Amino acid sequence: MNVLYKDIINSEIAGARKVAIAGHIRPDGDCIGSCMALYHYLLRSKDDLDLMVIDVYLEPIGNEFRILKGVDDIKHSYESNECYDVFISLDCGSLDRLGNAQKYFNTAKKTINIDHHISNNSFGNVNHVVANASSTCEVLFGLFDENLITKEIAEALYVGIIHDTGVFKHSNTTQNTMMIAGKLISKGIEFSKLIDESFYQKTYMQNQVLGRCLMESILVLDGKVIVSSVSYRMMNFYEAKTSDMDGIIDQLRVTKGTEVAIFAYETAPQEFKVSMRSNGEVNVSKIAVYFGGGGHIKAAGCTLHGSLHDVINNITPHIEAQLKALNKSNKLSE
Ligand SMILES: [Mn+2]
């Protein structure tokens, strides 16, 4: 059977004593939010369902998600040889993305796969994949009995939805997404606080690095491209991690008049991780793929070796060529 009915608990978990919940490696807001929402949802029905064990497995989570209740219960060790009656995978497009939790997937009597990635390859015994849903949290909301959604479940679902929609900004946001968000708000959650503290808040150091990147950014190709970087020395000076670079490219991208934003940070001497964002017609995925990376048409990345100037000199001709081709085709159609 490949359909999960709305009464997920009665139909699919009935009879189980031990349940495991897990999400993908390097867990993001939707992954953590969906795992915590389902955890709380099962926890409140634990006695009715006769559940003995509900374990959540995730890799270490970012501090911004400590705002969610119950995150201290998450297991980060995979040493126990527990065999679960039901294993529920959330926000995970393929089995390998479960990382170490695959161990429990493999020994579980029944596996359930709940997700929203269009690429999901239905690796569970039961699969419920809603590709047009903004987030796994949105999918879960559809499976929950609304009357059983407590404040802490609503908080977790809300955080998942705002992270996968960029706070209701990305094109995956639908009328249904907003209706669900409204229903979650009606549960009394402090939505402003959840948005600020899990999404927008930065540490002082992260803001300093962002500030320097904006100050030191340069415009090239007649202002059509904005470029900024963080050197290896600067990474060490601020003791910055890769995750501290999150969001810098997005701030560069909203510079008026730019078609493409490029952000490069040096992960080792002469090795740059390069992120690219396109505001218009330039296909940055094509450029990233050319240099051995990948991504989407408007958001892509790759790794390049050499100096920062090498990076810029390698990438900008590709952007220039695409811009020229676009101008040409525009003129032809006139
Ligand atoms: Mn997701």
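Me: Two strands pair if DSSP finds at least two bridges between them. In what order do the six strands of the mixed open sheet stand?

Reply: This is a predicted model: local features need pLDDT of at least 70, side-chain atom pairs count only at pLDDT 80 or more, and totals for chains, interfaces and linings use all residues. Residues are numbered from 1 along each chain as its sequence is written, and side-chain values use heavy atoms, leaving out hydrogens and water. Strands are DSSP runs of E (at least two residues) and helices are runs of H or I (at least four), numbered from the N terminus. The order in this open sheet is β6-β7-β8-β9-β11-β10.

Me: Which strands stand at the edges of that sheet?

Reply: Look for strands with a single partner strand. One side of each is then left without a neighbour in the sheet. They are β6 (218–220) and β10 (294–295).

Me: Which residue of β9 is the bridge partner of Val 260?

Reply: Strand β8 covers residues 260–268, and strand β9 covers 271–278. They pair in the antiparallel sense over eight bridges. In β9, the partner of Val 260 is Ser 278.

Me: Which strands stand at the edges of the five-stranded open sheet?

Reply: Its order is β2-β1-β3-β4-β5, with parallel pairing. An edge strand here has a single partner strand, so one of its sides has no neighbour in the sheet. The two are β2 (53–57) and β5 (126–129).

Me: What is the average twist from one strand to the next in this five-stranded sheet?

Reply: Angles run from 0 to 180 degrees between N-to-C directions, with axes fitted to C-alpha atoms (for helices, over the stretch in contact). From one strand to the next, the twist averages 15°.

Me: Which residue of β4 is the bridge partner of Phe 87?

Reply: Strand β3 (residues 86–90) and strand β4 (residues 110–115) pair in the parallel sense. Five bridges join them. Phe 87 has its partner in β4, at Thr 111.

Me: What angle does α2 make with β1?

Reply: α2 packs on the sheet. Contact means heavy atoms within 4.5 Å, and α2 touches β1 (18–23), β2 and β3. Its direction and that of β1 make an angle of about 165°.

Me: Is α2 roughly parallel or roughly antiparallel to α5?

Reply: Helix α2 (residues 29–44) and helix α5 (residues 136–143) pack with axes 8 Å apart, at about 20°. Angles under 35 degrees count as roughly parallel, over 145 as roughly antiparallel, 65 to 115 as roughly perpendicular and the rest as oblique. That makes α2, relative to α5, roughly parallel.

Me: Which residues of α5 make the contact with α2?

Reply: On the α2 side are Asp 30, Gly 33, Ser 34, Ala 37 and Leu 38. On the α5 side are Thr 136, Cys 137 and Leu 140.

Me: Which residues of α6 make the contact with α5?

Reply: The axes of α5 and helix α6 (residues 151–165) come within 7 Å and cross at roughly 140°. That makes the pair oblique. From α5 come Cys 137, Glu 138, Leu 140 and Phe 141. From α6 come Ala 156, Leu 157, Gly 160 and Ile 161.

Me: How many residues in the lining of the second largest pocket are charged?

Reply: A pocket is an open set of points on a 1 Å grid over the protein atoms alone, with protein on both sides within 12 Å along at least five of seven lines; a cavity is a set where a 1.4 Å probe fits but cannot get out; lining residues have an atom within 4 Å of a point. Eleven residues line this pocket, with Lys 224, Glu 320, Leu 323, Lys 324 and Asn 327 nearest its centre. Asp, Glu, Lys and Arg count as charged. Beside three nonpolar and two polar residues, the number charged is six.
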